[in-house]
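Please open the structure in a viewer and keep its selection tool at hand.

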Amino acid sequence: MFGSTVLEVAIGLTFCYGILALVVSTVQEALAAAFSLRANMLLDAVKRMLDDPRCEALAQSLYDHPLVNPHGGGKARRPLSVKPSYIEPAHFAIALLDSLRSNPAIPLQAAIDALPDEQVKRVLLALHRQAGGDLQRFQDGIAGWFNSAMERLSGVYKRRQLLISFLLALLLTIMLNIDSIHLFQTLWQNPTLAAQIQAAPSALDAEALRQLWAMPIGWSSFPPQLDSAFALQVAGWLITAGTTLFGAPFWFDLLQRAIQLRSTGAKPQSQPQPATRSARDSVPAQT
């Protein structure tokens, strides 16, 4: 009984955490697409790399290149509202070299020396000297420079997305009143509430939401009273919001394992095997 109760409580908690994490990730992806978060962060990183904060010089010329954005056509400057979410490092290197050599009559060394920013000029001159005049090695060096900048950008983007994910989860947790402490106490007293969960949901469908609302969540009275019970409720909200940082795949995989463990049941006791007669005993006695 004790093991069954623990397993049902774990299934109920894991199911709620997985559904909440799935909702948060869905909303987060929708916001990222609506506000072009990846494209804007990429543009900011390129502007810092090329020291073009207003995107009027080298960064603008780079974004006008058809390898960076094929929709631009390369005929005229596109508005900054049209921005790619990803740039291939090799294409970045070719587009940057084309932007530097806008005038074929000017040698590449002279075009780099004419750059107004000292830091960008120093980086490109170092890569050019290391290439030893080999254009392909120079392009590979620029692509490596871009890759290192994108690795730093990826770390910044992940940390920012984790913060957004936690804030979204906290908002949804308060709106739906998913208190982990209250949820644990209720499921412990009535573990049959989680008995209807038979499998991890493959998507956020009506059946998954129906099972979620069968859990002890939601508001019974609003607004809450500001007392010691409310402080405990706030702690439960923070615990619930923190669980979404693990991601929906983690919770659904854990849920599937718990459901399989429940369906396995107790190990049947082995039945004693009857003693086998030896060949000597099976031979009838001779008279």
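In what follows, Ala, Val, Leu, Ile, Met, Phe, Trp, Tyr, Cys and Pro count as nonpolar, Asp, Glu, Lys and Arg count as charged, and the others, Gly among them, count as polar. The model on display is a predicted one.

**First stop: the largest pocket**

Select N177, W219, S220, P224 and Q233. Of the 16 residues that line the largest pocket, these five lie nearest its centre. The volume of this pocket is about 310 Å³.

Next, select helix α10, which spans residues 228-243. This helix supplies the largest share of the pocket lining, namely three residues. What classes of residue make up the lining of the largest pocket? Seven are nonpolar, seven are polar and two are charged.

**Second stop: E29 and R38**

The tour now turns to salt bridges, of which a search of the whole structure finds four. Select both residues and display their side chains, which meet in a salt bridge with an N to O distance of 3.3 Å. E29 counts as partly exposed, at 42% relative accessibility. R38 is likewise partly exposed, and its relative accessible area is 35%.

Select helix α2, residues 37-49, and find D44 and K47 within it. These two residues form a salt bridge whose closest N and O atoms are 3.8 Å apart. Why are D44 and K47 separated by about one helical turn? They are so placed because they stand three residues apart in this helix.

Is K47 buried or exposed? K47 is buried, because its relative accessible area is 16% and the buried class covers values under 20%. D44, by contrast, is partly exposed, with a relative accessible area of 34%.

Finally, select helix α11, residues 248-264, and display D253 and R257. A salt bridge joins D253 to R257, and their closest N and O atoms lie 3.1 Å apart. About one helical turn separates D253 and R257, because they are four residues apart in helix α11.

The accessibility of each partner may be considered in turn. D253 is partly exposed, having a relative accessible area of 41%. R257 has a relative accessible area of 55%, and therefore counts as exposed, a class that begins over 50%.

Notes. Residues are numbered from 1 along each chain as its sequence is written. This is a predicted model: local features need pLDDT of at least 70, side-chain atom pairs count only at pLDDT 80 or more; totals for chains, interfaces and linings use all residues. Side-chain values use heavy atoms; hydrogens and water are left out. On a 1 Å grid over the protein atoms alone, a cavity is a set of points where a 1.4 Å probe fits but cannot get out, and a pocket is an open set with protein on both sides within 12 Å along at least five of seven lines; lining residues have an atom within 4 Å of a point. Grid points are joined across faces, edges and corners, and a volume is the space filled by probe spheres set on the points. Helices (H or I, at least four residues) and strands (E, at least two) are DSSP runs, numbered from the N terminus. Buried means under 20% relative accessible area, exposed over 50%, partly exposed in between (1.4 Å probe, protein chains only).
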